[in-house]
Amino acid sequence: MKKVIMKRSILIALSGALIMTSSINMNSFAQSDLVYNGTCYEAVIDDVYYKLNETQGYVTAKLKNEKLTEITVRGSMDDYPVRSFHTYGGAQHVKVLNISTGIEDVDISDCNELVELNISSTVKEIDISYCPNLAECNVDKENEIFSSDDGVVYDKSGKTLFYYPSGKPDKVYIIPEGVKEIGSSDEYNNIVAIDSCKYLEDIVFPDSLKRVNGRAVVNNNFEYLEFPTNVTSLDSCSFAENKKLKEVVIHENLLNGSYATFDNCDSLEKAVFLRTDKFNDNYYKESLSASTIIFPDCYGYGVIFGDELYQHKSNVYDMTIYVPDSNYENYQYAMGNIEHYTFVPLSEREKSEPGDVNMNGRVEIHDIIGIQKYFVNRRCAGGLDMDVNGDENVNIVDVLMTKQYVSDAYSE
């Protein structure tokens, strides 16, 4: 017979004797899920191990010998709240994981087969990592901390992107307008927001984006990244380990880049830097190295393209840097002696095929965005040949033709 748990001491008459019971936590004489094992109160239900913390008055939960493909973690046990759930050691079988109301702290890691994660209204902390097949995360609409849109986790306001599922099957993701930050700004607990995505080939940042936090976007398949004009901060290693990344476009308002932002992006060979304001010999160190940190200064600090560049190792990060024609001489004067960097005026950039607005060698989602932005402000990173149909005009027809081309390409 299971031992009954109670919060307060009561007197029970049994066989004519009075027995003092000092640990009761549920309705008198009710059947208890938690069982005393001689050391603590515990239970294993549906592959989840629950353990009572008697001192604090709550239960913790974790996976144990999981065999089920769908698991629902309880939010309470014997009237005690279940405060946290962790997948210590990972999981090999569970595909759907449901977090019940009551649980506040969720740590999901190394769940190789997990496809769907459903998060209740009470969850306040989420840490998800190394779940390669996770395709969607759904947050209860009543949750006051987090929200979800199309399976992607944001904060409640929708201004911070916290987690993009690594197994989400889309090839392209356009981050919604209104998002200002990617990843966690807590320097001691960086959240890897977009990590090791199997299917994702292109990502489009919204004009509202201002900051990408440390190690927020790592180990993906992107070949091209363009940062919007409003981006002012790229943290240390925020885009590290993106091995296929070939080209980045950075607009003029980047004010705070950090050490090794693109560290170990071994294929990175081109950058377009659209800063147009003038600078002189005394100004460039603060403006370009300490502030924008797009180039290393003479002491080797603040190398945005990786920590090995300033050590002058052979065949490391040879970069072609495209800069505005109006500022080309300034770059040459201030930075022209830096090994591995070659500066080229934007007007001399290689010609591209019709529709390849950003001139990265292929027609894709960024070209559609580029043409649309051109209609708004007559400015984009490339734009030497936006006349897709060859009628010597750039109009909606060119947009539609590019969209169709891209749609066909991604559907292959």
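Reply: A nonpolar core is a set of buried Ala, Val, Leu, Ile, Met, Phe, Trp, Tyr and Cys residues joined through side-chain atoms within 4.5 Å. Buried means under 20% relative accessible area, exposed over 50%, and partly exposed in between, with a 1.4 Å probe and protein chains only. The model is predicted: local features need pLDDT of at least 70, side-chain atom pairs count only at pLDDT 80 or more, and totals for chains, interfaces and linings use all residues. Residues are numbered from 1 along each chain as its sequence is written, and side-chain values use heavy atoms, with hydrogens and water left out.

The largest nonpolar core has 38 residues, and Tyr50, Val73 and Phe85 have the most contacts inside it. Apart from it lies another core, of 37 residues, including Ala216, Leu234, Val248 and Leu268.

Contact means heavy atoms within 4.5 Å. Beyond four places in sequence, valine 73 is in contact with residues including Tyr50, Ala61, Phe85, Leu97 and Ile103.

Alanine 61 sits in strand β6, residues 58-63; strands (E, at least two residues) are DSSP runs, numbered from the N terminus. Alanine 61 is buried, at 3% relative accessible area. With residues up to four places away in sequence left out, alanine 61 touches Val48, Tyr49, Tyr50, Val73, Val82, Ser84, Phe85 and His86. Between the C-alpha atoms of alanine 61 and tyrosine 88, which are 27 residues apart along the chain, the separation is 9.9 Å.

Terms used. Helix = DSSP H or I, 4+ residues; strand = E, 2+ residues; numbered from the N terminus.
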